[in-house]
Amino acid sequence: MARRVLITGCSSGIGRAACDGLRARGWTVIASARNPDDVAALKADGFLAVRIDHHDSASIAAGFAEAVLLADGRLDALFNNAGHGMPGAAEDLPRGALEEVFSSNLFGLHELTCHAITHMRANGAGRIVQHSSVVGFTALKWRAAYVATKHALEGLTNTMRIELRGTGIHVAILNTGPVTSGFRRRSMAQFDRWIDLDRSRHAEFYRVKWLARREAGRDLFELGPEAVVKKLAHALESRRPRRRYYITTPAYVAAVLTRILPDAAQDWIIGRL
């Protein structure tokens with residue numbers, strides 16, 4: 001039987017790798033992106049594709065409805081991959097920056113997920129995979145907005161998973177550490193847009209160290225996006241999918257440390273990173 005999945009954030013990186021990887025495994029992939037040019041590029045590469053913008057409720061509803069039509073009336077799975085970062089210390093984040101990241105990483109994602117749940121409940125089954133992060137259960141300096149959205153996503157998803165027991169819908173979380181993609185570059189664009197260096201007490205740090213990340217190579221323990229696709233495939237295809245998947249060594253290490261160390265010890269370790 002054909003398996004049909006809707007994937008968000010497919011213009012590049014992990015989303016595009018997921019499209020390629022699942023198509024190779026026999027899935028019918030409905031890819032989505034926010035930019036119409038990216039949607040056109042996905043179609044040119046042979047994918048079924050729709051436009052979904054997490055900041056736009058009408059786009060979410062229309063994009064999901066179109067995805068269902070492209071899937072011949074039945075979507076078996078949703079991979080919520082779309083989202084973006086927002087570097088900067090918590091005290092430097094204006095309200096608008098925080099609202100924009102939550103709109104993308106949580107509010108729009110939740111709205112799309114609710115459409116999927118209604119559809120999957122009618123069909124009696126489905127898989128929903130949420131792309132979280134290692135910062136979904138721990139914290140890192142200078143990433144307050146992203147950390148906040150991923151903590152919120154984890155709480156929302158954990159509650160949703162419990163509420164959906166017995167419906168045939170399984171919900172899983174992917175906790176990724178450093179993975180090769182364009183995420184860092186796009187995040188730094190948000191930094192330029194929202195952070196006022198001249199008024200920040202962290203200005204020297206930003207200029208000397210943080211902005212140097214624009215030119216940085218691979219992070220320590222960084223894996224390619226195929227590592228995410230491997231865990232995603234298990235979450236979508238296994239008869240016994242897990243509730244949570246850790247990806248990269250830092251994710252496994254952080255998961256252990258958050259369980260065994262008191263907050264003071266965790267603060268000390270993270271403060272030195």
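Analyst: Ser32 touches Leu6, Ile7, Thr8, Gly9, Cys10, Leu42, Val50 and Ile52, leaving aside residues up to four places away in sequence; contact means heavy atoms within 4.5 Å. Ser32 lies in strand 2. Ser32 is buried, with a relative accessible area of 1%. Buried means under 20% relative accessible area, exposed over 50%, and partly exposed in between, with a 1.4 Å probe and protein chains only.

This is a predicted model: local features need pLDDT of at least 70, side-chain atom pairs count only at pLDDT 80 or more, and totals for chains, interfaces and linings use all residues. Residues are numbered from 1 along each chain as its sequence is written, and side-chain values use heavy atoms, with hydrogens and water left out.

Strands (E, at least two residues) and helices (H or I, at least four) are DSSP runs, numbered from the N terminus. Two strands pair if DSSP finds at least two bridges between them. Strand 4 (residues 77-80) and strand 5 (residues 126-131) pair in the parallel sense over 4 bridges. Asn80 has Gln130 in strand 5 as its bridge partner.

Next, the helices on the sheet.

Glu154 belongs to helix 5 (residues 144-163). Glu154 is buried, at 4% relative accessibility. Beyond residues up to four places away in sequence, Glu154 touches Ser132, Ser133, Gly136, Ile173, Asn175 and Arg244.

Then the rings. Rings of Phe, Tyr and Trp (its six-membered ring) pair if their centres lie within 6.5 Å; planes under 30 degrees apart count as stacked, over 60 as edge-to-face and the rest as tilted. The count is 7 aromatic pairs. The ring centres of Phe137 and Tyr246 are 5.8 Å apart and the planes stand at 85°, so this pair is edge-to-face. Phe137 is in the loop between strand 5 and helix 5, while Tyr246 is in strand 7, 109 residues apart. Tyr246 is buried, with a relative accessible area of 15%.

Phe191 and Tyr206 have ring centres 5.1 Å apart and planes at 80°, so they are edge-to-face. Phe191 sits in helix 6 (residues 183-194) and Tyr206 in helix 7 (residues 203-210). Phe191 is buried at 1% relative accessibility, and Tyr206 is buried at 0%. Ring pairs link Trp142, Phe191, Phe205 and Tyr206 into a cluster. Trp142 lies in the loop between strand 5 and helix 5. Trp142 has a positive phi of about 65° although it is not a glycine. Trp142 is buried, with a relative accessible area of 19%.
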